[in-house]
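Dear colleague,

Please find below the structure that I am handing over to you. My findings follow directly after it.

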Protein chains: 2
Amino acid sequence: MLSLEAANELIWKKFRELPLEHVEVDVWEAVDRIMAEDVLSPGNVPEFSRSMCDGYAVLADNTQTAGNETPVLLSFLGEVPPGEKANMEVKEGQCAYVSTGSMIPAGADAVIMVEQTKIQENNSVLLFKPVIAGERIILQGDDLKTGQVIIKQGEKLNPRHVAALVAAGIYRVKVFARPRFAIISTGDELVDIGQEPAVGQIRDSNSYALQAFITRAGGEVVRRVLVKDDGELYRKELENAVKCADMVLISGGCSVGIRDFTAQAINSLPGEGVFIQGVSIRPGRPLIVGECMGKPVFGLPGHPIAPVILFKIVVEKLWHRLTACEETDMITAVVDFDMRPSLFTHLLVQLEKREGFIRAKTAAPENPAQTGAISQAHGYIWIKDLEKGLSQGQIADVYVF
Amino acid sequence: MLSLEAANELIWKKFRELPLEHVEVDVWEAVDRIMAEDVLSPGNVPEFSRSMCDGYAVLADNTQTAGNETPVLLSFLGEVPPGEKANMEVKEGQCAYVSTGSMIPAGADAVIMVEQTKIQENNSVLLFKPVIAGERIILQGDDLKTGQVIIKQGEKLNPRHVAALVAAGIYRVKVFARPRFAIISTGDELVDIGQEPAVGQIRDSNSYALQAFITRAGGEVVRRVLVKDDGELYRKELENAVKCADMVLISGGCSVGIRDFTAQAINSLPGEGVFIQGVSIRPGRPLIVGECMGKPVFGLPGHPIAPVILFKIVVEKLWHRLTACEETDMITAVVDFDMRPSLFTHLLVQLEKREGFIRAKTAAPENPAQTGAISQAHGYIWIKDLEKGLSQGQIADVYVF
């Protein structure tokens, strides 16, 4: 049976040319969107040297002997109001008043804070401290230099990027269009929301959980249907889904019968059909992946934990590879339990901060039908070395939901 | 000067009764919203015991002698299709076919996988393995029990909560309405987007950065204006802002003049006026906090790093206390540098995974005017013990943007 890495590699090979659209959006509306381009600063920021405080622009050399008892006297040349061009030059023995943000006049190479000076009546100023060259000045290009990369293709735009982009005059950025997902739920025992389940029936919760994970990942759900186990209906719904979406998720049972059903429907449409049937991971072993009309179709088992894990490690993984996005919500934590070697490759964990460290404890019992367990899990650990299990005290990567 | 903790305590005392609205939204649209209520499961999930696989529902006691050479023969009672009520009772020597998700018929206490059985012609089934009581059954209430808390007031709804909520029949939840923010930018040197700055002018980037952080924090910006340093205009705009928003952010200069301006405007409106002027943190020392017409008004210094840090540690902090939200995007990382004791209380850092650990290196130089530095910082460390600085190898909490 395929390993997770081999399965992801195979999926990547089939779909690396999947067409992706770009859209242009306002920078402050682009938070959490994946960048479709590198953005470089088109100019220097600031474009001129600015004062960091209210004070006097001076030649640092002129201030070296200044002290409380030995103030230096400079002649006052005038004021540079913030927002205006500095139309003067500061020469030996001179100073000019600048406010926070004012342009530094030519000649000056430092600013002394107004609190360390005293204005005199005869248009001159006393300085009580020396300053060094560059002091309290933001030099031209100190913040961003022409051509400097502000954000790269594949990065997710974070609020932290916004100030630099806007400061550089960039108000719109090109991001990847939200991938469109269709979700098909299957199972004769399922009822959709708004319907009260009869005895023997349960609510379809997987497709709504998937929708929430898709939305969080930056995608959108364009179609969501619940299909009874009827071959022709199923095939028809799959065709509709493939036509309107970029990727199709089928949330089905784990039963052999339903798995065959899913595989048959995928194989009945134009395209390569099923090329992965089963991956050596747990939960999620019965995963089916196929290609219909150029689009990826993922058959996810119905037990609630599997579709969530598979969405993260396979479906979102493909989306991230397509967009060159390397970001994961991964943290490191101290494992707070022992787990003997078992078949689990992906283990739900709860996180808690204790004694300075973030610690992970198990969140899910063996029973995979636990929506309650997922709801309490902050993330999961990928146990790559099954033969070793996990030991208390070791550091593990935790992928956070 | 007030410590950060003392300032936050004072702000909390003034505004702990700030009225908050609740709204009801669809569960799958509520991702990242803060819950305004505890949600308890109204019933058991599942409401009946279900099969985890395709197989035969049996009495475990009947199977104890089963083996490849010594199969047990049971008489076949019928089938329970998934989604239907089990209208039969399994007694000694009997079994019933169940699919994944089928209701377990009365009497049966275990399920044997179909792969470990063989159907015979005379309406009987051979079992080749023993099963134990409870095997492959999801018992009634195994997932969620009546009254079990699925999500608590103050928690942020995460995609992981959705499956449990929907499985329990909860499709709408009460969350806190998005707090409405007004942002006023001040500074004669600032130009708004769409306008090309003349020599001496710069673009107002702070209000857009704040908008992005507000959006990420679950708030919305209902008003955003750029005001020239004109007392009457400023007062009028502050009044408009206070009237339409829950909280007002003023992004102003750090200059003494502008600080006085902000304090005067806040004091000119009905209410207690300014009650905090300066906090012993860096960056962010010149913070002003006041109360106008019952609403909090925050005067944030204009250097780009300060408003971002202050938004996180003061403004969002108040919003989280008001909603009893304890969630922070905090991780632990290994400090990858030495920092001598300095005046910095909040230090921007970049994160990188190396040799199994997440490591933090400094992202910001001393110059606080760096939008470029913020754009490269993944978060910040709060250096609580300034006398010790930070040492390479120590573990620190990093608050992630």
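B:L4 counts as buried because its relative accessibility is 5%, where buried means under 20% relative accessible area, exposed over 50% and partly exposed in between (1.4 Å probe, protein chains only). B:L4 belongs to helix α1 (residues 4-15) of chain B; helices (H or I, at least four residues) and strands (E, at least two) are DSSP runs, numbered from the N terminus. Leaving aside residues up to four places away in sequence, B:L4 touches B:V279, B:I281, B:I313, B:V314, B:H346 and B:W382, contact meaning heavy atoms within 4.5 Å. B:L4 and B:I313 are 309 residues apart along the chain, yet their C-alpha atoms are separated by 8.4 Å.

Please note that this is a predicted model, in which local features need pLDDT of at least 70 and side-chain atom pairs count only at pLDDT 80 or more, while totals for chains, interfaces and linings use all residues. Residues are numbered from 1 along each chain as its sequence is written, chains are lettered from A and ligands numbered from 1 in the order in which they are written, and side-chain values use heavy atoms, with hydrogens and water left out.

Helix packing

In chain B, helix α3 (residues 206-216) packs against helix α6 (residues 305-322) at an angle of about 25°, with the axes 10 Å apart. Axes are lines fitted to C-alpha atoms, for helices over the stretch in contact, and angles run from 0 to 180 degrees between N-to-C directions. α3(B) and α6(B) are therefore roughly parallel to each other; angles under 35 degrees count as roughly parallel, over 145 as roughly antiparallel, 65 to 115 as roughly perpendicular and the rest as oblique. B:N206, B:L210, B:F213 and B:I214 of α3(B) meet B:P307, B:V308, B:F311 and B:K312 of α6(B).

Between the chains, helix α3 (residues 206-216) of chain A packs against helix α2 (residues 159-167) of chain B at an angle of about 160°, the axes being 8 Å apart. That angle makes α3(A) roughly antiparallel to α2(B). On the α3(A) side the contact involves A:Y208, A:A209, A:A212, A:F213 and A:R216, and on the α2(B) side B:P159, B:R160, B:V162, B:A163 and B:V166.

Helix α6 of chain A and the residue after it

In α6(A), 16 of the 18 residues are buried. A kink of about 45° is centred on A:F311, the bend at a residue being the angle between axes fitted to the seven residues ending there and the seven starting there. Just after α6(A), A:A324 takes a positive phi of about 60°. A:A324 sits in the loop between α6 and β21 (330-335) of chain A, and counts as partly exposed because its relative accessibility is 41%.

Backbone features in other loops

Most residues other than glycine have a negative phi, and most peptide bonds are trans. B:M293 has a phi near 50°, a positive value in a residue other than glycine, and lies in the loop between β19 (288-292) and β20 (295-300) of chain B. The peptide bond from A:V45 to A:P46 is cis, with omega near -10°; A:P46 is in the loop between β2 (39-40) and β3 (50-51) of chain A. A:R282 and A:P283 are also joined by a cis peptide bond, with omega about 5°.

Yours sincerely
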